[in-house]
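Q: Please take a close look at one part of this model, a single chain, and walk me through it in one connected account, from the whole chain down to individual side chains.

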Amino acid sequence: MNATRPCLDIRSLSTVLPNGARVLRSVSLSVQPSEVRALVGESGAGKTMIGKAVLGVLPLSVRIVEGDMLLEGEDLGRLQPKARRTLIGARTALIPQDPLTALNPSRRIGPQMTDRLVRILGWSGQRADLRIRQLLDEVQIRDPDRVLKCYPHELSGGMRQRVLIAAAFAAEPRLIVADEPTTALDVTVQKQILRLIAQLQREHGTAILFVTHDLGVVAKISQKVSVLYAGKVVEEAETAALFAAPQHPYTRALMAATPRYTDPFASLKPVDEAVLAGLASEIAAADQAWKRSHG
Amino acid sequence: MLLQRFLIRLLTMAITLFGVAVVVFVVIRVAPGDPIAMMLPPGASDADIARLRAFYGLDKTVVEQFFIWLSGVIRGDFGTSISLRQDVLGLVFNRLPATLELAIVVLLMALAIGGTTAILGARERGTAVEAGIDIASGAALSIPDFLWGLVLILLFGVLVPILDISGRVSPQLDLPFVTQFYLFESLVRLRFDLTKDLLGHMLMPAVALALPLAAIISQLLKQSLKEVLDLDYVVLARVKGFSETQVILREALKNAALPTLTLVGVQFTFLIGGTVIIERLFSYEGLGNMAIDAVINRDLPLIQGIVLVFALLFVLINLTVDMMYALLNPRLRHG
Amino acid sequence: MDEARNSRSRISRRGSSRHGSGARLWLAGGWLLLALLAAIFAPLVAPQDPLAQDLMFERLPPFWMSGSEPGFWLGTDSLGRDLLSRLIFGARIAFIVAFAAALAACLVGSTLGLISGYFGGWADRIISRIVDVWMAFPPVLFAILLVAVLGTGLSSVIIAIAVIDWTRFCRVIRAESMGQARMDYVENARIAGYGRIGIMLREVLPNVVPSIMALLSLEMGIAVIVEAILSFVNLSISTDDPTWGGIIAEGRLSIHQAWWVLVFPLVTLILTVLSFSQFGEGLKARFDPVLR
Amino acid sequence: MAEPLFSVRGLKVALPDMARKPLIGRAPLAEILKGLDFDLPKGSVTGIVGESGSGKSTLGRALVRLLEPSAGSIIFDGRDITHLPEAELRPLRRNLQMIFQDPMSSLNPRRTIFSIIAAPLRQNGLGDNLKGRVAEALQRVGLPQSFASRYRHELSGGQRQRVGIARALALSPKFVLADEIVSGLDVSTQAQILTLLERLAGEMGLTVAFISHDLSVIRRLCRQVIVMREGAIVEASATDTLFEHPQQAYTRDLLAAIPLPEIDDGWLLPVAKAPA
C-alpha cells in the first residue's frame, strides 16, 4: 500500500534564474512514507533548492519552468496559493540549517513553537502547549518551563536546534525537509542531533528529505540517496547499495575525496579532471535536449 | 541595566549640551559687529553705549560672560533679548509650540507614508510596485525640503491657489486659545473650523519637510524588511503556513524596525533643523523663523537661547530613541 | 548612536547596488557639464549683462509668451534684468561654492572618519563626541549664524558649509572604516609586515574611496542648496553678484506677478541637486565592481 | 629529535569579553587560553584540533603574535617573542606567515592578485624581481600566470585559497599558520588544497600549525596533534598514536562522533548512557 503512493513525488522539476540559466535540471525523485531520503551534493548542486521548491519558499528570482510536485498525491502546482500554504503548513515541516537565524530574536520560544498549531491548525492553546511540552521531552529538554519563556539568544546552538526539531515534529507532519540541519554544529553535538532526528523519525514514522553535503551523514541517516551535480541527479540508489558499489564516476570521485581518518591515504583524493569533463558534457547534452524540447 | 543605560545617556547629553553652549558662545563672540551700537540711535553717546554694554554684561571677559550666562541658564534665566527687550525664555516658549506642532505633524505624516510604502514595497518586492516606490522615494529624498517648499508654493499657492502660503493662522480669525499649541487646542475645544484653517497653513510646510523624511524611512525600512525576509525564521514561518502579509507583520516588522528606529531618531533631528528655513519660507511663526531674525539682528542672548533649546530637543529625541531601542530589543532588556 | 551611523552608510550603499548606473550617470553628468561650461564661459554665453537694469523691460515673460522681447529668453525680473543671464552667472558662484566647500568638508571629515574608525580608542571617542556636539546644532541655523559672524562673502559661505557638513563624511567613513578594520586582510597586512598607518592607507582607504566619492558629489549638491538658502535669507555673497538663491528670493516676492522668476531658478536648482546625487551614486556603482 | 621551532610555556591569553562589558569602563577579561605548554618541531606539520570555543584560533593568533599573551612565553626560533612590540616583530614577520580561513575576507577586494602577493615581498626587502617572484609563487600553487591581473571576485573559492597559500609561501617563511583553511570549501576542492599544502610543506621543509575542527583531515596531513578543549590541551601526541590509542575520553568521543562515509547501523542507536 505504502509503495503505491509516495509521500513526496517530484517529477522532472526544472528551475531557471532570471538570466535563463537552469538551476535544477529535470530533477525527479520520490520519498516514500517513513523513509529518509538524502540529497547529497557540493555547493551549487541545487540540493537546497529542491527542498525550498517543495515547501514553496523559493527565492523570488528563481522560477519553476517545468515539473510537478505531488505531496501525498496532491499536485502542489495546481493548488491556489492559500490552499497550498495551508496544506504545506499542515503536512510538512522544515528543520533549517542555522539554528542561530532560524528563531525570531524578538519572540519567546513558546509562542514560536505553538503558533502553527494554534493559528494554522486551529488547536486550542492548551492542547498546543501540552503537545509542545511532550515534544520537548522527546528531544531531551528537561526544563521546558524555562526554555519556553526564553528568548533565542539565551539558548546554546545545540539547544536551539533541539527546539527547532521539536517544533518540526509537533504537528505530526508527513514530510520534513531537513536542510543541512547539523552543518553549523560541532561534531559531538552533530551526533546527538542526528541521533534525535533518527529517533523521532522512527517513532513518528515521518518521511524526511535530508539535504546534506556530507557523505558521512548520508551513510548514517538515510535509506535512499540521490547524488546531485549542477542541478542534476547523477545517481540514485539505496544508501547501502551506493556505498557498497557507487555507479557514477562522480559519486566514486566524491567518495574518494571525502576524508576518512581510518584510511588517510585512500581518502582525500582530488577529483580527476576526466570526471569533471565527463560531467560537463553530460550536463551540456542534457541542456541541449531540454532546449530542443522546450524551444 | 536599563536605568544604568539611561543615566549614562543623561550624562553624555549634558556633555553634548555643554559642548554646544561653548561652541555657540565662542562663535558669537567672534562676531565683528557691535550689537549695542545697532540698538541705539546713531547719535547715542559713548556713555549710553557703555551703560547698555554693562547692562547686557558685554563689558566683562568672554570667559566671565560665559559662566554668568551658564549659571543663569542653569537657574532657568536665559537673559533678555536685545532686539525684542523681553525675557529670552518667555520668547522661546511662546514660539516653541508652533515648531513642535509642525514637527509632530511631519513625523506622523512621514511615519505613515514611509511605513506603508515600505511594507507594500517589501511585500511586492521585485515587481513594478516596488520599482515605482523606489523611484518615488529616490526623488523625494534627493530634493531637499527647501526646494520642495518652493515647488509646493508654486503648485498650491499660485497655480492652484487652494492653500495659504504664509503665516500660521489667518489673521482675521478670532483666536480663543490660552496655550500656544493652537492645533492641539483647537481639537480639544472642538473648534474644527480653526483646525481646518491651521492645517491649511501647516500643510505645505509639513509636506515639504515630510517628503524627504518619509522617503528615508521608506527606503530604510524596506531594505531592512527585505533582509529580514530572507532569514531562516521567516522562511520557517512561511512553511508553517502563514501568508506573506502575516509573515511581514508578525515576524519581520519588529526586527526590521529596530535598526530603522535609531535612524528615524537622527533623521527627526535633521527635520527639526530643517524647520528653520521652512518656517522662514512660509513665514510660519515658529522658533526657527525667530532664530533667523535673531541672527540678522545680532541678538546674542536670543541666539544662544534658541540654539540651546534646539540642541536640547535634539538630545532628548536621541535619548528617547535610544531608550525605545533598548526596550524593544530583548538582548538589551535582559542583558 | 553607532547603529544610526552604520545605517546611514547603508543607505548610500543600497542605493548604488540596485539600479543600473549607465543612463543615470550620463544624464546627470551631462547636465552638470553643461552647467559647468556655462559657468566658466558665462561672459561669452550670457545674452545680456546680468546686472543691467532696465525699467522699460521689467517683468518680461519668457520667450513663448506674448509680451516677450527677443534676447530675453527666460524673461526679466522686477528690475528688468535678464533672467537667463543671471542664472548663467549664478552658476559660477554655485559651482565655486560646491567644489570648494565640498572638498574642504570632505578632506576634514574623511580624514577624521578614517582615523576614528580605523584606530578606535581615544581618537575615536574624542572625534565622536565632537561629532555629537555638531549634530546637536540645526545645520541651517548654524550656517546662517556662521555667515552672520564671519560677514557675508564667498569665502564665508564656503567656510560655513565646510564647518557644518564635515560630520557627514566623518560619520559615514568612520562606520565603513570600522567595518574594514575587522576584515582579515587587515590582519593579513600585519602578517606581511605593514605598520598601522601603512595598513590604513593601503588596505582601508581604497575600500572607502567609492563612498567618499559618492558623498563628495552628494555634498556638492547640498552645498549648492545651502548657498541658495543663505542667499535666500540675504546672507550670502554681496547683493550685486547674481546667485540662484538670490533670484529665488526675488521670485518668492513677485510670485503672483512674475512666476517665471521663481520657476526657472527652481528648476535649475532641482536639476543640479538631483544630478549631483545621482552622479555620485552612479560613480560609486561603476567603481564598485566587487560588491560581495 | 629535531630542535623545536616554537617552544611555548604556560601560555595564557585573556581577551576582553564584550558580552559582559559594562556601559562605563573596560570589558572584563576572559581567559581564553589557560596555560598551554607545547613545542612545535621544525619541519613538520602539527595539527591543532578542537570544537568551537576550544581556543584553537586564539592560540594560532598568539603564535603569529596578532595577539599578545597575558602570561607565559613563546620562544620562536630561539627568540622570545612573547611581548615584542609591533615594530620589533616586523622583521620577524617574514618567517611568521599565516593562511586565513576565509579567503573572501583575507584578500583585499580592491587589489589585484599580483599586488596581494607582492605586498609582503616588497615589505620584507624582497622587492627586486617582483614579477619573477610573484610568477614563481603562482606557479607553485598551480595557478596560471594570467591570474596576476585578476581581482578576488573573479576567482573561485579554491583559487582564492591558492592565492592565500601563494602569498604566505612567497616569503619562504620558516613557519606558516593555517587556520581552518578548508572549512569553507567543498570536499573535492578541499582535497586539492590539502594535497597542495601537503606537497609544498614537504618540498619547502615548512613548519606548519594546521588548525582544524576535522580530525579526518588532520590524520592525513599532520605528524603530531594537539587536542584542545575550553582553552586547555586535552591530549598531545604523535598522530598515529593519537588515532590508534587515544588516551583521553574526550579524544575518543571526538573520534566516535565523526560520521564516516560507510554504513554502520549502530552509529545512531542510543547508547546505554545518555550523551553528556
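A: A residue is called buried when its relative accessible area is under 20%, exposed when it is over 50%, and partly exposed in between, using a 1.4 Å probe and protein chains only. By that criterion, 61% of the 292 residues in chain C are buried. The model is a predicted one, in which local features need pLDDT of at least 70, side-chain atom pairs count only at pLDDT 80 or more, and totals for chains, interfaces and linings use all residues. Residues are numbered from 1 along each chain as its sequence is written, chains are lettered from A and ligands numbered from 1 in the order in which they are written, and side-chain values use heavy atoms, without hydrogens and water.

Confidence comes first. The average pLDDT (the predictor's confidence in each residue, from 0 to 100) of chain C is 85, and 91% of its residues score at least 70. Residues 1-19 of chain C, by contrast, have a pLDDT below 50, although in the model this stretch has 52 contacts (heavy atoms within 4.5 Å) beyond near neighbours in sequence.

As for the overall build, chain C has 11 helices and zero strands, where helices (H or I, at least four residues) and strands (E, at least two) are DSSP runs numbered from the N terminus. Taken along the principal axes, the C-alpha atoms of chain C fill a box of roughly 75 × 45 × 30 Å. Of the contacts in chain C with a separation of 6 or more, 75% are between residues 24 or more positions apart. The accessible surface of the chain (Shrake-Rupley method with a 1.4 Å probe; for residues, only the protein chains shown count as cover) comes to about 11200 Å², and carbon and sulfur atoms account for 68% of that surface.

Among its neighbours, chain C pairs with chain B in the most contacts of the five pairs of chains that touch. No contact joins chain C to chain A, and the closest C-alpha atoms of those two chains lie 14 Å apart.

Leu33(C), Leu37(C), Ile40(C), Phe41(C), Leu44(C) and Val45(C) make up a nonpolar patch, with about 590 Å² of accessible area together. Patches are built from residues with over 30% relative accessible area and no salt bridge, nonpolar side chains (Val, Leu, Ile, Met, Phe, Trp, Tyr) being joined within 5 Å and like charges within 9 Å. A salt bridge, in turn, is a side-chain nitrogen of Lys or Arg within 4 Å of a carboxyl oxygen of Asp or Glu. Helices α2 (22-40) and α3 (42-45) of chain C each supply at least two residues of the patch, and the largest share, three residues, comes from α2(C). An α-helix has 3.6 residues a turn, so residues three or four places apart point the same way. Val45(C), a member of the patch, has its place in helix α3 of chain C and counts as partly exposed because its relative accessible area is 46%.

Leaving aside neighbours within four places in sequence, Phe89(C) is in contact with Ala42(C), Pro43(C), Ala46(C), Pro50(C) and Pro242(C). Ala42(C) and Pro43(C), two of these contacts, carry residue numbers that fall within α3 (42-45), the helix that also holds Val45(C). Phe89(C) and Trp73(C), for their part, are 16 residues apart in sequence and 15 Å apart in space, C-alpha to C-alpha.

In one of them, Arg25(A) pairs with Asp287(A), the closest N and O atoms being 2.9 Å apart. That pair links distant parts of its chain, with Arg25(A) in strand β2 (residues 22-31) and Asp287(A) in helix α11 of chain A, 262 residues apart, and both Arg25(A) and Asp287(A) are buried. In chain B, the side chains of Glu185(B) and Arg189(B) meet in a salt bridge at 2.8 Å, N to O; Glu185(B) is buried because its relative accessibility is 7%, whereas Arg189(B), at 38%, is partly exposed.
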